Amino acid sequence: MKILLIGNDKFIAKALADRFLLEEDQVYLLGDFGLDTIDDIPDKVKYFETDIFSDGSRDVFSVQLPDTVVYFEDAQRDCLHDMVLDGVNNHMSKFMNAFALSTWHSVKKFIYISTIELYDHLAVYPGEESEVKAESLWQSAHFLCEQHIQNTRNSSRVSSTILRTSTIY
């Protein structure tokens with residue numbers, strides 16, 4: 001299978017790449033890690049250093065034709081208060097763009113890795129599909145992404161899954 005990982009969290013990218021490579025999948029990584037180096041990402045992973053908003057990201061979809069897209073972003077717990085809203089809007093835009101590209105290119109499976117459980121004072125009920133009460137803007141961003149996936153399950157050609165990081169960390 002061809003797996004496209006989209007995100008900016010080096011820890012999650014490495015864990016996912018290692019796991020998919022065990023299954024002998026072809027793994028591609030699309031992201032902009034800024035000043036972080038990705039030296040510990042396995043050599044078998046083809047890395048595209050680009051943003052999800054760039055023309056290059058559309059080229060990755062159309063040339064590599066992934067079967068599965070896994071979208072993840074790092075948890076923004078310590079963001080300055082005046083920049084939180086910009087960060088939330090950016091997170092939502094990146095998610096929506098990744099989901100739209102996945103739908104447009106007929107990806108079979110879209111997996112959203114939600115970091116919503118990393119925030120303090122969160123009421124989460126048992127189960128991956130549980131409802132969440134958001135108590136911060138960052139929780140709201142992840143909640144809205146999860147809600148979008150749940151709302152489009154019956155109308156989208158893409159099979160989608162929400163994976164919460166409590167099963168990763």
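Trainee: Which residues form one aromatic cluster here?
Mentor: Tyr71, Phe95, Phe99, Phe110 and Tyr112. Keep in mind that this is a predicted model.

Trainee: How many aromatic pairs does a search of the whole structure find?
Mentor: Seven. One to look at is Phe99 with Phe110: the ring centres are 5.0 Å apart and the planes sit at 80°, so that pair is edge-to-face.

Trainee: Why quote both a distance and an angle?
Mentor: An aromatic ring pair is described by how far apart the centres are and by the angle of the planes.

Trainee: OK. And which elements do Phe99 and Phe110 lie in?
Mentor: Phe99 is in helix H3 and Phe110 is in strand S5, so the pair ties together parts eleven residues apart in sequence.

Trainee: Are Phe99 and Phe110 buried or exposed?
Mentor: Both of them are buried.

Trainee: Let's talk packing, then. Which residues touch the most other members of the largest nonpolar core?
Mentor: That core has 24 residues, and the ones touching the most other members are Leu4, Ile6, Phe61, Phe95, Phe110 and Tyr112.

Trainee: Which elements give two or more residues to it?
Mentor: S1, S2, helix H2 (55-64), strand S4 (68-72), helix H3 (81-104), strand S5 (109-114) and helix H4 (137-152). H3 provides the largest share of this core, with six residues.

Trainee: Take Ile6. What is Ile6 in contact with, leaving aside neighbours within four places in sequence?
Mentor: Ile6 contacts Leu30, Ile52, Phe61, Val69, Val70, Tyr71, Phe72 and Ala98. Apart from the core we were discussing lies another core, this one of 18 residues, including Leu5, Ala17, Leu21 and Phe33.

Trainee: Can we zoom out? How many helices and strands does the protein chain have?
Mentor: Four helices and eight strands. Starting at the N terminus, the order is β-α-β-β-α-β-α-β-β-β-α-β.

Trainee: And what share of the residues is buried?
Mentor: 46% of the 169 residues in the protein chain. As for contacts between residues at least 6 apart in sequence, 69% of them join residues at least 24 apart.

Trainee: What about the accessible surface?
Mentor: About 9100 Å² for the protein chain, with 52% of that belonging to carbon and sulfur atoms.

Trainee: Back to the strands. Why is S2 described as largely enclosed?
Mentor: Strand S2 covers residues 26-31, and five of the six are buried, so the rest of the structure largely encloses it.

Trainee: How do S1 and S2 run, parallel or antiparallel?
Mentor: Parallel, with five bridges joining S1 (residues 2-6) to S2. Getting from S1 to S2, the chain goes through helix H1 (residues 10-22), and that β-α-β crossover is right-handed.

Trainee: Which residue in S2 is the bridge partner of Leu4?
Mentor: Tyr28. S2 also pairs with strand S3 (residues 46-49), again in the parallel sense, over four bridges. There, Leu29 has Tyr47 in S3 as its bridge partner.

Trainee: Is Glu24 buried or exposed?
Mentor: Exposed, at a relative accessible area of 73%. Leu65 also isn't a glycine, yet has a positive phi, about 45°. You'll find Leu65 in the loop between H2 and S4.

Definitions and conventions
Residues are numbered from 1 along each chain as its sequence is written. This is a predicted model: local features need pLDDT of at least 70, side-chain atom pairs count only at pLDDT 80 or more; totals for chains, interfaces and linings use all residues. Side-chain values use heavy atoms; hydrogens and water are left out. Buried means under 20% relative accessible area, exposed over 50%, partly exposed in between (1.4 Å probe, protein chains only). Contact means heavy atoms within 4.5 Å. Accessible areas come from the Shrake-Rupley method with a 1.4 Å probe; for residues, only the protein chains shown count as cover. Two strands pair if DSSP finds at least two bridges between them. A crossover is right-handed if, with the strands pointing away from the viewer, the path from the first strand over the helix to the second runs clockwise. A nonpolar core is a set of buried Ala, Val, Leu, Ile, Met, Phe, Trp, Tyr and Cys residues joined through side-chain atoms within 4.5 Å. Rings of Phe, Tyr and Trp (its six-membered ring) pair if their centres lie within 6.5 Å; planes under 30 degrees apart count as stacked, over 60 as edge-to-face and the rest as tilted.
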